[in-house]
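Q: I would like to learn how to read a structure of this kind feature by feature, with the general idea given before the particular case. Could we begin with aromatic rings?

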Amino acid sequence: MLGLLLRVLPFWVREPLLIVVGAVFGARITYLAVHDQDRVAAVIGAVFLVFTAIRVRLVVRALRARRNPAPAASADGAPTDAVARAWAQAQLTAPAPAPAPAGAGLPPGPVTAGKEPNPWGQAVAAVAVFAAIAAALWLGPDVLPSDDDTSTSRAASCSDTEDEELPAVYGRTPRPVTGAELCEALNRPDLARLLGTPTEIATSASGTSNTAALTDGKVAQPEAEVRFDTYTVNLSATYNELSTAQYVNLLKIAGTEGEKHLRTLTVLGRPALLSSDPTMKIEISLGDEGSSGPVQQGPLARTLSVALDSKDRGGSYDITVWSESGALPDDGVLLGIAEKILPTIPLRSVR
């Protein structure tokens, strides 16, 4: 289809389009190649730029030929002035054509040649049309909503957490982040894509402004949770005095670092820790007797804990992901979620 269009389009439309396409793609691919140090992409970008240079040279030669037309030549290279004089003499000696009867057609008169299209006008129009099409394709997904594009839509809302009464600890300075704010940060339109399931839509989203257990309400611990068909993501913040380094030492002393599959790293310039823990499974019967079963271990969950600040003075953000099937995404998924979500949390929550 593209080849057919290129053959049908006039020269002064086709060539500017090829120049624009080659220049844009060549410059973009070359930039990415330099940024990512990709030799293959560098070769592809160079091919586009060379192709563009050839088309530019072709257009320049065509413009020069139009401005300075050369005298026509015969097959053996000699000027065709003699041929032109002989043709003119033959026209003078040829019998004049009979006049057409009245009313049979237009009256005889000089025939004027049609005006030749302006090549500059055609080139500018072609580039303008191409720019409009490119802008429509580039901005279309952001301007026009699509029913099939579920990666940028979120069915669940966090609005039901706005009227929650905050515990007294949330009135201190600096004020801890609330569950509603964590929910807004976590319930991103691209969260499903970050999880590796771009076609899923969030089925529920909630946030609560809790306090940590066994602290008599003196330690804020808000959390938010977004559920999908495949994964559930929980985001919480703990404002205690326990640093990430101290927490790692405690796990090593308890001898549970192997069970938790610990991995220390740095995220956004802050100390971080990856660990695994089983979730808790509680069965509650809604029958007449209202009995419930014992607490059992649920599927394994993977948690990324990131210090509240780069100095690791205590407290952390915890991003936990699990699924009913027990399958877990790669650690890189949690890192990608943290790098997208943590910068959007209000700065007043960082001490």
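A: Rings of Phe, Tyr and Trp (its six-membered ring) pair if their centres lie within 6.5 Å, and planes under 30 degrees apart count as stacked, over 60 as edge-to-face and the rest as tilted. A pair of aromatic rings is described by the distance of the centres and the angle of the planes. By this rule there is one aromatic pair here. The ring centres of Phe25 and Phe48 lie 6.0 Å apart with their planes at 20°, so this pair is stacked. The model is a predicted one, in which local features need pLDDT of at least 70 and side-chain atom pairs count only at pLDDT 80 or more, whereas totals for chains, interfaces and linings use all residues. Residues are numbered from 1 along each chain as its sequence is written, and side-chain values use heavy atoms, with hydrogens and water left out.

Q: Which helices hold Phe25 and Phe48?

A: Helices (H or I, at least four residues) and strands (E, at least two) are DSSP runs, numbered from the N terminus. Phe25 belongs to helix H2 (residues 11-36) and Phe48 to helix H3 (residues 39-67), so the pair ties together parts that are 23 residues apart in sequence. In the whole chain there are 10 helices and seven strands.

Q: What span should H3 have?

A: The expected span of a helix is 1.5 Å times one less than its number of residues. For the 29 residues of H3 this gives 42 Å, and the end C-alpha atoms are 42 Å apart, which agrees.

Q: Which residues other than glycine have a positive phi, Asp216 and Leu268 among them, and where do they lie?

A: Most residues other than glycine have a negative phi, and most peptide bonds are trans. Asp216 has a positive phi near 55°; its place is in the loop between strand E1 (204-211) and strand E2 (220-227), and at 69% relative accessibility Asp216 counts as exposed. Leu268, also not a glycine, has a positive phi of about 55°; Leu268 lies in the loop between strand E4 (263-267) and strand E5 (270-281), and at 42% relative accessibility it counts as partly exposed.

Q: How many residues does the largest nonpolar core have?

A: A nonpolar core is a set of buried Ala, Val, Leu, Ile, Met, Phe, Trp, Tyr and Cys residues joined through side-chain atoms within 4.5 Å. The largest has 42 residues, and those with the most contacts inside it are Leu186, Leu195, Val267, Leu304, Ile337 and Ile345. Helix H10 (residues 331-341) supplies the largest share of this core, six residues. A second, separate core of five residues includes Trp12, Ile19, Val59 and Leu63.

Q: What does Val321 touch, and which residues is Val333 in contact with?

A: Contact means heavy atoms within 4.5 Å. Val321, in strand E7 (residues 316-322), counts as buried at 0% relative accessibility. Not counting residues up to four places away in sequence, Val321 touches Leu195, Tyr231, Thr232, Val233, Ala301, Arg302, Leu328, Pro329 and Leu334. Val333 lies in helix H10 and counts as buried at 18% relative accessibility. Leaving aside neighbours within four places in sequence, Val333 is in contact with Leu194 and Leu195.

Notes
Buried means under 20% relative accessible area, exposed over 50%, partly exposed in between (1.4 Å probe, protein chains only).
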